[in-house]
Amino acid sequence: MTSVTPSLPLQGKNILLGISGGIAAYKAADLVRRLKERGADVRVILTPAAAEFITPLTLQALSGNPVGLSLLDPAAEAAMGHIELARWADFILVAPASADVIARIAHGMANDLLTTCILAADAPLAVAPAMNQQMYKNIATQNNLATLKSHNIYIYGPAAGDQACGDVGMGRMLEPLQLAELVVDFFKFHSKTIALPLPKPLIGMKIAITAGPTREAIDPVRYISNHSSGKMGYALATAASALGAQVTLISGPVQLATPEGVTRIDVTTAQDMLQAALSVASNHDIFIGCAAVADYRMAEVAPQKLKKSADKDQLTLQLVKNPDIIATIAALTSHRPFTVGFAAETEQLAQYAQNKLTSKNLDLICANDVSAAGQGFNSEQNAITVYGRHSEHSLVLQHKTTLAQALITLIVEQFQNEKKH
Ligand code: PMT
């Protein structure tokens, strides 16, 4: 008679468990057991902070393998060096993942054994955030998690509930059993769908955003415009939509694809943009004017192509002022959205931006130095200082994608603060 032993779901799988510093580190001992009882071979790396919460000896006894502690340990490197360890892993799970380790992974740092292995590994990676609820909510942490997600790193949890520090809220590590089952699911389905999605704190919120340049015709073949590529406005739309907001993007002529889930209204002139803005603003919570709108247009567009004249060296075009879109929205007397402008300046950034904040009656203004190379118009990066009537926040030079994530979170925070008062 033959007996068939059912194979365990993680049989033959090498799981590298990274433990970072935090009170939830004590649960990692149980996690090792749960992974082992599902058949996995488990190796553990402790960050120096984690070793303050749980001893290597406990984890060595439970995993049956030596525990990695230091990148600069010659004996450990001789046994199984960090590159070998990175190659060995079929799956890397960082649990608990502190705000610090999440930030370091997001920025590609390799300043301890765990982050070095992560950088050197080709294996799928999941992090199980565990931290104080305020740290979890912090813009920086949310941006770092969004970065991890954009790198196809799985985010397991966190859960909400009572915290060791006495707070209540999001930031508790998922239970070891839940984490072990998520790892099993990963190998069963090998699909991203098992990762718990990032929370979508902006569900139910409606945000309208203008982006790109406007074009003001001179004649049938020429126009007045500027160098706006739309990248900043589109990045804002992408970030807001990813956080769950319903986004309307009013776009001047640009060469960019519509971000997922976003409703796009295409316009050409400032007057078109104003009409589109007025048609949507009142049923949106927040209106962000990121477009570079032409301040002037032709008094009269020439019906035919203007001809070069042999006897005149100069040509004067008569221009008239365009309507100010953002000021018009900010002046709405009913259902006025929280209104955020941009100020693109080449000098006296703070002064000119603050003048626009008050003269256009805005709630916030994003001061954008467009004189510095590598930022502002048609570049991948940008830096912004956001002024409110009594507030100032600087967002350092970075890719427009991450800047937009930080900016949306900041704008929403300011909007919610204002609603409270
Ligand atoms: O599109 P990118 O290449 O990514 O570049 C991004 C950007 C530099 C265009 C963007 O970050 C930016 O700074 N946008 C505002 C550009 C601008 O026109 O600034 P401004 O200082 O001229 O205008 C101040 C505010 O009034 C802006 O919110 C603008 O949208 C608004 N405005 C201006 C004129 C007008 N007639 N109507 C308006 O609503």
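**Exercises: a ligand and its shell**

Strand 16 gives the largest share of the shell around the ligand, 4 residues. This is a predicted model, where local features need pLDDT of at least 70, side-chain atom pairs count only at pLDDT 80 or more, and totals for chains, interfaces and linings use all residues. Residues are numbered from 1 along each chain as its sequence is written, and side-chain values use heavy atoms, leaving out hydrogens and water.

**Exercise 1.** Work out what kinds of residues make up the shell around the ligand.

*Solution.* 

**Exercise 2.** Find polar contacts (pairs of N or O atoms within 3.5 Å) that the ligand makes.

*Solution.* 
- Now a side chain: Lys 360 puts a polar side-chain atom 2.9 Å from an oxygen atom of the ligand.
- Finish with cover: on its own the ligand has 780 Å² of accessible area (Shrake-Rupley method, 1.4 Å probe), and the protein covers 96% of that.

**Exercise 3.** Describe how helix 5 and helix 8 pack.

*Solution.* 
- Helices here are DSSP runs (H or I, at least four residues), and strands are E runs of at least two.
- Helix 5 (residues 99–106) meets helix 8 (residues 139–150) at about 50°, with axes 9 Å apart.
- So helix 5 is oblique to helix 8, since angles under 35 degrees count as roughly parallel, over 145 as roughly antiparallel, 65 to 115 as roughly perpendicular and the rest as oblique.

Technical notes. Polar contact = N/O pair within 3.5 Å; in protein donor to acceptor, adjacent residues only side chain to side chain. Nonpolar A, V, L, I, M, F, W, Y, C, P; charged D, E, K, R; others polar. Axes fitted to C-alpha atoms, helices over the stretch in contact; angles between N-to-C directions.
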